[in-house]
Amino acid sequence: NKASANFVLTGDSSLCSGDSLTFTSPLASNSANFIWQESGNTVQNNGDNSFVAKTAGNYRLVVSYGMNNSCPDTSRTVPVTLTQKPTATINQITGSGTTFCFGDSITLRANGGTMGSTYQWVRNTINIFNATQQDYKAANGGNYRVIVSNGKCTATSADYSLTLSTT
């Protein structure tokens, strides 16, 4: 019998930098020999029926049976592309500190996006309704974050704390 080199890809074939994709054969690990290849070069040959890709490339699986690797079968090739994750940082562009008085505001700017990026501002872990521009005018104290997306990949900034003065 010829082995079947079909596999299942978890997720789509576009990879964000720093992430991974998992390829898995439906065959049990102890039932066949599994050779995972990228552009025809072996990248994993340890008998495991799954493989984790962390880089772009053209991946395929070769499956065979027995000690002499009889009746091998080669899967289709799946191209995996890599998209760079945006960075997400916050700069304060108005105000002279992170503490401000009631009625005043501080403007924050999301950095790290590129042309076509989208933004979502977050205060105290809750998305701020309709706060989807690169700049955000904060009129309340709290911990602010921004989520930057380039269509495929997203990044979230560290907290930027603002304090509303009570005196």
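**Exercise 1. Overall composition**

What does the accessible surface of the chain come to, and what percentage belongs to carbon and sulfur atoms?

*Solution.* The structure is a predicted model, in which local features need pLDDT of at least 70 and side-chain atom pairs count only at pLDDT 80 or more, while totals for chains, interfaces and linings use all residues. Residues are numbered from 1 along each chain as its sequence is written, and side-chain values use heavy atoms, with hydrogens and water left out.

Step 1. The accessible surface comes to about 9,500 Å² (Shrake-Rupley method, 1.4 Å probe). Carbon and sulfur atoms hold 48% of this area.

Step 2. Of the 167 residues in the chain, 34% are buried (under 20% relative accessible area; exposed is over 50%, partly exposed in between; 1.4 Å probe, protein chains only).

Step 3. The chain has zero helices and 18 strands (DSSP runs numbered from the N terminus, with at least four residues for helices, H or I, and at least two for strands, E).

Step 4. Among contacts with a separation of 6 or more, 53% are between residues 24 or more positions apart (contact: heavy atoms within 4.5 Å).

**Exercise 2. Salt bridges**

Identify the salt bridges of the structure and state which elements they tie together.

*Solution.* Step 1. Side chains of opposite charge can pair when their charged atoms come close.

Step 1. Lys85 pairs with Asp19, with 3.3 Å between the closest N and O atoms. Lys85 belongs to the loop between strands E9 (78-83) and E10 (89-92), and Asp19 to the loop between E2 (14-16) and E3 (21-24), so this pair ties together parts that are 66 residues apart in sequence. Lys85 is partly exposed at 30% relative accessibility, as is Asp19 at 32%.

Step 2. Asp135 and Arg109 meet at 2.7 Å, N to O. Because Asp135 lies in strand E15 (residues 135-138) and Arg109 in strand E12 (residues 106-111), the bridge ties together parts 26 residues apart in sequence. Asp135 is partly exposed, with a relative accessible area of 31%; for Arg109 the value is 31%.

Step 3. Asp159 and Arg145 form a salt bridge with closest N and O atoms 2.5 Å apart. Asp159 sits in the loop between strands E17 (154-156) and E18 (160-164), and Arg145 in strand E16 (residues 142-149), so parts 14 residues apart in sequence are tied together. Asp159 is partly exposed at 40%, and Arg145 is partly exposed at 34%.

**Exercise 3. Strand pairing**

Which strands form the open sheet, and in what order?

*Solution.* Step 1. The three strands are ordered E10-E12-E15, with antiparallel pairing (two strands pair if DSSP finds at least two bridges between them). E10 and E15 are at the edges with a single partner strand each, so one side of each lacks a neighbour in the sheet. The twist averages 30° from one strand to the next (angles, from 0 to 180 degrees, between N-to-C directions of lines fitted to C-alpha atoms).

Step 1. Four bridges join E12 and E15, and Leu108 stands opposite Tyr136 in E15.

Terms used:
A salt bridge is a side-chain nitrogen of Lys or Arg within 4 Å of a carboxyl oxygen of Asp or Glu.
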